[in-house]
Amino acid sequence: MTSTQTLTPAQVARRRRTASMKATWRLLRANRSGMVGLVLLVAFILVALLAPVLADSQGLEVTRATGGVLEPPSLHYPLGTDDNGRSILTLLIWGSRISLFVGLSATVISMVIGTFMGLMSGFFEGRSAALLFRVTEWFLVIPFLPLAIVLASVLGRSLLNIAIVIGVTSWPGTALLIRSQTLSVKERPYLERARVLGAGRWHQMTRHVLPNVMPMVFANTTLTVAIAILSETTLSFLGLGDPTRVSWGSMLEDAFSVGAMTTGAWWFIVPPGVCVVLVVLAFTLVGQALEEVLNPRLRRSS
Amino acid sequence: MTTTLVTAPTTSPVGRHRSYGRYLAGKILGAVASLFFVLVVNFFLFRVLPGDPARTLGRGRFSSAAQLAEFRHTYGLDESLPRQFVTFLHNTFTGQLGISLRYRVPVGDLIWERLWPTVMLVGTSTILATLIGVYIGMLGAWNRGGPFDRVSTGVTLTLYSMPEWWLGLLLIAGLAVGIGPLPGLFPTGGLHSTDVDPSSLKGVLDTAWHLTLPVITLTLAYLADYSLVMRSSLLDELGEDYLLTARAKGLRDIAVRRHHAVRNALLPTTTITAINIGFVVSGAITIETVFSIPGLGLLSSEALSIPDYWVLQGAFLVASGAVIVANLGANLLYGLLDPRVRT
């Protein structure tokens, strides 16, 4: 080890960051359910990324379907076929892309709005901050599904719109979390010191407040993805998804509209639902583990 | 730079507890503002659409310009925006929410008629889910890390990750249609059989039989929320000093739990229950669709495919209004139960 005197402040900061990331990873490794979630998550992301390798995209086209209508699982179609004769397994693999894509992009939108609103209403004072807080509370109270339905029916049915609808309706939880974090960081001595040294609001916010609330944002993101994927499935099931794409939700919509549960075609209902449950569970478990590691209040015993 | 956080402790302990009246007034004012904002959103969302609202609303159902103009006139779309807003407010307050494009009856009547199946379904499920969920959460937290806690946390987390309507589909396939040689035990949908008078005793039992599966589905879906919240709030309480004191006094375990820990841990659960009562109206959209129960939820999801904008607008108004009122109720209740939040 070289002596610390020769290190520049930037190097010290980088070392400290690496060390704390390593410590976080160690704590995370020790969290069993978090690791289970992480493994599941990596598996699903790999499937989504490798979809073109795992299944031919031609299998998605109704006109090129090779199987019979609602065939039960066989060697050729491991999970059976849908009402158009397409292989369920192929639909499932390609559907993971849409579900994950919508879930992740909705989360990005939600995080950006939530972090901005939380920081602003926490950092600033007076009427405008109070107004921002009111708006946050309003969005928190308004029931998600009716608002999402109204928005989705107004905006029209496309992949991006469904992500926007979910993002725009799911940020208030994040905003409240960020706000309370900002309020507590704002009172710490090092911020007072920064103010005394003449730091402007922008500097305080980007250099001190934001880095401190970022870990919480990160843990919250993971939990938000879970909710966003669930929401995508529900909106698609109600027929608000992109009609040209196959997602797990739209598969279930199809299954419901052809009455798969009354005709006994369980292979059309069970696999998409199981995938949704596993992915949502994976994100939830990882999110909870991250929260436990990053939030000292929750870190107590076991 | 002073904040409320800093100034609060410096006031005298007596003055810190504001009177319940002022707390009440503040909360009511907030609820009224929220309701007004719902109306504003409701109005502008459908009018500030790109393009011509009459065309969007009609979705190509007009063949001639005269028909289009008549449609505009009936719905007041040929007036200026501020005038339209005033008319809209007036109509809303007098209970006229427009005419359904599909049913050709006033939306207000339609919603009123469809409200009761929903209230019955979600009300029953909420009560059951609260009771069972709180109990599970309590047992789990009390024996944290034990076998019951591990199993119940696993099950509730899985239920939490599940789209509730998918669970409904599975229950229909398993219990209403039947698997293999096993016969179905429950009807696959609807609110009552066609040949039974719904007001007779037989009719009531018949309705209960129809509602069993949907109620089970919703109860399982809601239960996860309650038990997870109850578990974590009881875990928070378990670290508190007053519990140690209670034990040191020689109180038995069950007395400590029942009279000290659970009482305090129930506070957050009370709030969630009160808020969820507001979601009664909106919570059942998917479940009613799956089980074809003619409530508000099915009304909304059917209106989606038309799209029947006035019905959607009305349903959104009723759903949000219910949540805002319930939320107000929760706040008032919380203020009564826990004087600390009045500051």
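Me: Which residues of α14(B) are the buried ones?

Reply: They are B:Leu296, B:Gly297, B:Leu298, B:Leu299, B:Ser300, B:Ser301, B:Ala303 and B:Leu304. Keep in mind that this is a predicted model, where local features need pLDDT of at least 70, side-chain atom pairs count only at pLDDT 80 or more, and totals for chains, interfaces and linings use all residues. Residues are numbered from 1 along each chain as its sequence is written, with chains lettered from A and ligands numbered from 1 in the order in which they are written.

Me: What makes helix α14 of chain B mostly covered?

Reply: Eight of its ten residues, in the run 296-305, are buried. A residue counts as buried if 20 or more other C-beta atoms, placed from the backbone, lie within 10 Å of its own, as exposed if 12 or fewer do, and as partly exposed in between. The cover includes α6 of chain A, along with α7 (107-142), α13 (285-291) and α15 (309-337) of chain B.

Me: How many residues does each chain give to the contact?

Reply: Chain A gives 35 residues and chain B 38, where contact means C-beta atoms, placed from the backbone, within 7 Å. On chain A's side, the largest share, eight residues, comes from α13(A).

Definitions and conventions. Two residues are in contact if their C-beta atoms, placed from the backbone, lie within 7 Å. Helices (H or I, at least four residues) and strands (E, at least two) are DSSP runs, numbered from the N terminus.
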